[in-house]
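The questions below go through one protein model. Each answer ends on the value or name asked for.

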Amino acid sequence: MTPDPLEWLARLPATLRSSVSPRTLRNLRREFDRSFLAKLGLGLVAFVLVLAVFAPLVAPWNPTSQSLDEKQQPPLGFSRAETQTGQEMVNGSLQITNETVLVNATAEHPLGTDGLGRDMLSRTIYGARTSLLVGVLGTLLAMALGVPTGLVSGYYSGRVDDVLMRIADVSLAFPSLVLAIALVGLWGEAGVTVPDPFVVTGIAPAIRGALSLPGGLAYPTGMPKRFTLPGTVIVVVGLVNWVWFARVARGEALSVREEEYVTAAESLGAPDRFIIRKHVLPNSVTPILVLATIQVAAIILLESALSFLGFSGTTLSWGFDIAQGRQYQTTSWWIAAMPGLAIVLTVIGINLIGDWLRDALDPGIEGEGGGV
């Protein structure tokens, strides 16, 4: 029997579960059942999420361990030509010789190694933690700032709307990347050190110590005890992207405030805060939810760009690894290609989930399998 991807909704508290209507659940299931792209997107995101959460258990090597003897090893299925310089005696004189040798891939490093001999598979897995955390936390911060602003602006309109939307217009006048770089330069790279629960509690060392690699090799047990969360980047991407949520929430509030049930609540003397919380916000959730999925993908790209430029504050990041691979593009393309491929697959998966939510929650749009 195929597992239900929406089964987790049944485990939510009653107060949260009651806010999701049975019709919405039916539309989500119906669109998911007939949409291959929705299944593909959910599968990609779930795969990356599992790798990120259980990184100390699934990463084959410590992502920070260096081994210059194993540097620039190619991924499986590829080889790399390397020129080795030596000396030999010719007719009684010492001469320098150059010899071209092939460096072959090994099963110990299936995605190869970087210029310092660090395992690219492990670094890609740990980089998923940074990108997903920044994407989710940055989106939540942008929602916390933008949604209340947009709802208040749209519900009250008039001067309140003018002031808040002019502030939003000023924010939109700056390119996102330029504004983010300016804010990071202003506040600095404040990283938050987070202990890894699997390593600190001894779960990861115990499980890894009980495993073995093919050929009798020991499974490495020394994994990082903590990782750095780029706190400044999270705040910056939230401040850069709040305006999109404010715009969408404002548009929905302008529409909902003209509905009869809002007019009835106002005539009964209900306070504005109650009307916004109980009527305007619940009826504005659908476009905000769809926008949130799109913004997670956009923030992952923005975080990768900041890391590429050296503004992240952590070395375990997809953007940082792409930057490190620039100088090896002609000889070791995989150093930049592997984290770049991870970014592409993750963003595609998130965008496919956003399309699924849009098609299922908006009855005016025809999904992959037709209209809802």
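**Contacts, confidence and a cavity**

Residues 24 or more positions apart account for 76% of the contacts in the protein with a separation of 6 or more. The model is a predicted one.

Q: How many helices and how many strands does the protein have?
A: The secondary structure of this predicted model includes both kinds of element. The protein has six strands, and its helices number 15.

Q: What is the mean pLDDT of the protein?
A: A pLDDT of 70 or more is reached by 83% of the residues. Over residues 15-19 the pLDDT is below 50, and this stretch has three contacts in the model beyond near neighbours in sequence. Residues 365-372 are also below 50, with 25 contacts beyond near neighbours in sequence. Where pLDDT is low, the predicted coordinates should not be read in detail; for the protein, the mean is 82.

Q: What percentage of the residues of the protein count as buried?
A: The accessible surface of the protein comes to about 19300 Å², and carbon and sulfur atoms hold 62% of that surface. A residue counts as buried when its relative accessible area is under 20%. Of the 372 residues, the buried part is 41%.

Q: Is alanine 292 buried or exposed?
A: Alanine 292 lies in helix H13, which covers residues 285-308. Its relative accessible area is 9%. The cut-off for burial is under 20%, so alanine 292 is buried.

Q: Which residues are in contact with alanine 292, leaving aside its neighbours within four places in sequence?
A: Leucine 140 is 152 residues away from alanine 292 along the chain, and their C-alpha atoms are separated by 8.2 Å. A contact needs heavy atoms within 4.5 Å. With neighbours within four places in sequence left aside, the residues in contact with alanine 292 are Thr139, Met143 and Phe245.

Q: What is the volume of the largest cavity?
A: A search of the whole structure finds one cavity of 30 Å³ or more. The volume of the largest cavity is about 30 Å³.

Q: Which element gives the most to the lining of the largest cavity?
A: The lining consists of Tyr126, Arg129, Thr130, Phe227, Thr228, Thr314 and Leu316. By class, the lining has three nonpolar, three polar and one charged residues. With three residues, the element that gives the most is H5.

Conventions. Residues are numbered from 1 along each chain as its sequence is written. This is a predicted model: local features need pLDDT of at least 70, side-chain atom pairs count only at pLDDT 80 or more; totals for chains, interfaces and linings use all residues. Side-chain values use heavy atoms; hydrogens and water are left out. Helices (H or I, at least four residues) and strands (E, at least two) are DSSP runs, numbered from the N terminus. Buried means under 20% relative accessible area, exposed over 50%, partly exposed in between (1.4 Å probe, protein chains only). Accessible areas come from the Shrake-Rupley method with a 1.4 Å probe; for residues, only the protein chains shown count as cover. pLDDT is the predictor's confidence in each residue, from 0 to 100. On a 1 Å grid over the protein atoms alone, a cavity is a set of points where a 1.4 Å probe fits but cannot get out, and a pocket is an open set with protein on both sides within 12 Å along at least five of seven lines; lining residues have an atom within 4 Å of a point. Grid points are joined across faces, edges and corners, and a volume is the space filled by probe spheres set on the points. Ala, Val, Leu, Ile, Met, Phe, Trp, Tyr, Cys and Pro count as nonpolar, Asp, Glu, Lys and Arg as charged, and the others, Gly among them, as polar.
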